[in-house]
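Look over the sequence and the structure first.

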Amino acid sequence: MKRSYVWLTCLVVCIAFVALLYLQGRYAREMIRMRQEQFDENVWRSLDQASRELEKAETFRYLQKVLNQHHNEKQGMIHPDSLHITHILPLDTMTPSRNSMPLGSLTMSKYNRLAETISNLQKRAREALIYEQGVLDEVIFAVMYTASEQSFQDRLNPAVLDGCLRNALQANGITLPFHFVVYTSDGREVYRCEDYTEEGIDPSYQQALFRSDPMGQMGTVVVHFPDQKQYIRGIARYVAPAMGFTIILLITSLITIYLIVRQKRIREMKNDFVHNMTHEFKTPISTISIAAQMLADKSVKKSEETYERLGNVIGGETRRLRYQVEKVLQMSLFDDNNIALKMQELDANEITENVVDTFSLKVTQNGGTLDMKLEAFNPFINADEMHFTNIIFNLLDNAFKYRQEDKPLTIQVHTYNQGETHFCISISDNGIGIQKDNLKRIFDKFYRVHTGDKHNVKGFGLGLAYVQKMVELHHGTIKAYSELGKGTKFTITLPLAED
């Protein structure tokens, strides 16, 4: 799988999950908005009902008061309820007809007395109806003018108002605790509930009281719900877990893709390692095999020089083979932390000079130059001599391997002190350089920058991993700077030996 496909897959997965999170967020906001609108509508409806109920309670109270007063004043008068008339008939039906009454059944005097009685009952009924109409007019007058003559503070009954608000809110499905304050028309506070707090005061709801009265007799009740925000946003408690699981799935997907890519890279590194190990082992084995065949071939005459030369070839290739095997075994020991260093005080300038002198012949034979500046005034460090030598040799060998074929190789070795506590050595070259993406991976075990199948850049990918591991075991640091086509520079910093 190409890297572009991997990035494209990651991009598609990220876009899909981000879109899903966006839709879930929009859904949650829409649900919160709808619940807020529904809550506001129920509250306004409840406040309107509570205001009407408050006015009805006042009207009923004044009605009872006026009726009681008139009842006491007119106690002797006929009241419609005192008329025990079982059947009330129209007046024309209550007047007896001469034709309907049989002759001889009643005398004329009895007939006149019955007509007079009926006339009296009709008169008393009319008087009672006129009285009740007058009482009703007086009640309406009292409600319209008597109540408005009182101040708003005298007309307000906080207990009744609290009951009206509570009943109206519960009737509309709102059971949240609420606090309220009552103000006059000019903004003066009249009443505040006992458990009133400023918490959750925003938003608040206002409703006019006694709306049919003049402006001076009107008032305003302000209601707020301390737990309103938690109630409104409570609907999101079902969306939040879904968004959380979506984020977990996104992270899991990215980690899965990363692990797949990492396993693919490890597999490629393993295949590259096996390929290079086969090549590195095959060359000395082939050389040894050829030398052994020449020694065993009796048809070829051999002089002492021939035996010596073949022996040297076999010994050299054997040492080369052993060196490759030891390099792999050393990295295995480093992973298990079983390596033992023989620490001693060393002159780093002297060791650097010896390694450079040995390696300079190889560079000059290939048309290159190796410059050295030993400017460290205090070069004494605590280190293992063999491994410190290998560190410098591996970096020089790495610079030699990754040189440019069409350009003379130039290697510069520079030693200096960093303050009074550290010794530094830098090795720079003008080789092919390293891409920025590869630079952060060059210290990984078995990793090699791809440069083709040229023999001079073959290896196990263990050289720089070995260098970094050894520098860390010496309590130092190593940094790499490189630019593709211009070269690479390694800088090692080690602590100085204590006095």
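## Terms and model

Two strands count as paired if DSSP finds at least two bridges between them. Helices (H or I, at least four residues) and strands (E, at least two) are DSSP runs, numbered from the N terminus.

This is a predicted model, in which local features need pLDDT of at least 70 and side-chain atom pairs count only at pLDDT 80 or more, while totals for chains, interfaces and linings use all residues. Residues are numbered from 1 along each chain as its sequence is written, and side-chain values use heavy atoms, with hydrogens and water left out.

## The chain as a whole

The protein chain has 12 helices and 11 strands. Of its 499 residues, 33% count as buried; buried means under 20% relative accessible area, exposed over 50%, and partly exposed in between (1.4 Å probe, protein chains only). A contact means heavy atoms within 4.5 Å. Among the contacts in the chain with a separation of 6 or more, 73% are between residues 24 or more positions apart.

## Confidence

The predictor's confidence in each residue is the pLDDT, from 0 to 100. Its mean over the protein chain is 78, and 78% of the residues reach 70 or more. Confidence is highest in S9, at 93, and lowest in helix H2 (residues 91-94), at a mean of 44. The pLDDT is below 50 over residues 77-106, a stretch with 17 contacts in the model beyond near neighbours in sequence. Residues 452-456 also stay under 50, and the model has eight contacts for them beyond four places in sequence.

Strands of a sheet pair through backbone hydrogen bonds, either parallel or antiparallel. Here an open sheet of four strands has the order S2-S1-S4-S3, with antiparallel pairing. Strand S2 (189-192) and strand S3 (204-209) are at the edges with a single partner strand each, so one side of each has no neighbour in the sheet. From one strand to the next, the twist averages 20°. Helix H5 (residues 158-171) packs on the sheet and touches strand S1 (179-184), S2, S3 and S4; the direction of H5 makes about 130° with that of S1. Axes are lines fitted to C-alpha atoms, for helices over the stretch in contact, and angles run from 0 to 180 degrees between N-to-C directions.

S3 and strand S4 (residues 219-224) run antiparallel and are joined by six bridges. Within this pair, glutamine 206 has valine 222 in S4 as its bridge partner. Six bridges also join S1 to S4, again antiparallel, and histidine 179 stands opposite histidine 224 in S4. S1 and S2 pair over three bridges in the antiparallel sense, with tyrosine 183 opposite glutamate 189 in S2. The hairpin of S1 and S2 has four residues between the strands, and glycine 187 takes a positive phi near 95° there. Is S1 mostly covered or exposed? Five of the six residues of S1 are buried.

## Nonpolar cores

In soluble globular proteins, nonpolar side chains tend to be buried together. A nonpolar core is a set of buried Ala, Val, Leu, Ile, Met, Phe, Trp, Tyr and Cys residues joined through side-chain atoms within 4.5 Å. The largest one has 39 residues, and Phe388, Leu396 and Ile411 have the most contacts inside it. Elements that each supply at least two residues of this core include H9, helix H10 (385-401), strand S8 (410-418) and H12. H10 gives the largest share, seven residues. A second, separate core of 27 residues includes Leu156, Phe178, Tyr205 and Phe210.

Not counting residues up to four places away in sequence, phenylalanine 388 touches Ala348, Ile351, Thr352, Ile381, Ala383, Phe423 and Leu494. In helix H12 (residues 463-473), the buried residues include Leu464, Tyr466 and Met470.

Isoleucine 351 is in helix H9 (residues 348-365). Why does isoleucine 351 count as buried? The reason is its relative accessibility of 9%. Leaving aside neighbours within four places in sequence, isoleucine 351 is in contact with Leu346, Glu385, Phe388 and Thr389. The C-alpha atoms of isoleucine 351 and threonine 389 are separated by 6.8 Å, although these residues are 38 apart along the chain.

Asparagine 430 lies in the loop between S9 and helix H11 (436-439). Its relative accessibility is 16%, so asparagine 430 counts as buried. Beyond four places in sequence, asparagine 430 touches residues including Gln404, Pro408, Thr410 and Gly487. The side chain of asparagine 430 reaches the backbone nitrogen of threonine 410 at 2.9 Å.

Note on methods
A polar contact is a pair of N or O atoms within 3.5 Å; within protein, one must be able to donate a hydrogen and the other to accept it, and residues adjacent in sequence count only if both atoms are side-chain atoms.
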